[in-house]
Amino acid sequence: MSLRLGDKAPNFTAKTSQGDIDFYEFLGDSWGVLFSHPADYTPVCTTELGKTASLKSEFDKRNVKVVALSVDSVESHEGWIKDINETQGVEVNFPIIGDENREIALAYDMIHPNASLTATVRSLFVIAPDKTIKLIITYPASTGRNFQEILRVIDSLQLTANYSVATPADWKEGEDVVVVPAIKTEDIPAKFPKGFTLVKPYLRLTPQPNK
């Protein structure tokens, strides 16, 4: 069965480049990003893991823990990490799972037979502190992931989790947000004291509440 938004993220234990982990214990009360790579020593993924390492402070300030996965061994990962650090000018600072038996890849539906019978597709999951899946993105092997978009979505998800708002198209941190339809227009002033703009009865904008 494929995973869908709102499903519980499957827990697992695994060997990683930073030692053995229990996924739920690793996440604790944090948000999580789990993302997969078809194999070690792949060029696009080398740049992605480097970019992830360089964004550690951005993930930290959002209370997000990152873990990567490849179906190669932890020993292989250790050699690849040296290449990543050398070529991308970083220090890989998050665990990379060795999933040689593909149990985790199968639990997260990362093996797509039309793409490969053995390698994972390049999936990314954002997982909330309650361990539910909030975002699933799957990229083709040829296209590097946009990590600014991933951070943007995490910002949006965390706003929604803490306030009764959604974010409009192309929203960026600091811009106006949408008041969710469940809130009546007459109740907006008490909940959003910064004011609001009534565009249509179903489209109400308010300044980002945590700014």
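User: Leaving aside its neighbours within four places in sequence, which residues is Ala-141 in contact with?

Analyst: This is a predicted model, in which local features need pLDDT of at least 70, side-chain atom pairs count only at pLDDT 80 or more, and totals for chains, interfaces and linings use all residues. Residues are numbered from 1 along each chain as its sequence is written, and side-chain values use heavy atoms, with hydrogens and water left out. Contact means heavy atoms within 4.5 Å, and, once neighbours within four places in sequence are set aside, the partners of Ala-141 are Val-44 and Arg-122.

User: Is Ala-141 buried or exposed?

Analyst: Ala-141 lies in the loop between strand S7 (133-139) and helix H6 (147-162), where helices (H or I, at least four residues) and strands (E, at least two) are DSSP runs numbered from the N terminus. Buried means under 20% relative accessible area, exposed over 50%, and partly exposed in between, with a 1.4 Å probe and protein chains only. Because its relative accessibility is 54%, Ala-141 counts as exposed.

User: What is the relative accessible area of Val-178?

Analyst: Val-178 is found in strand S9 (residues 177-179). Leaving aside neighbours within four places in sequence, its contacts include Ser-164, Pro-168 and Leu-205. Val-178 is buried, and its relative accessible area is 14%.
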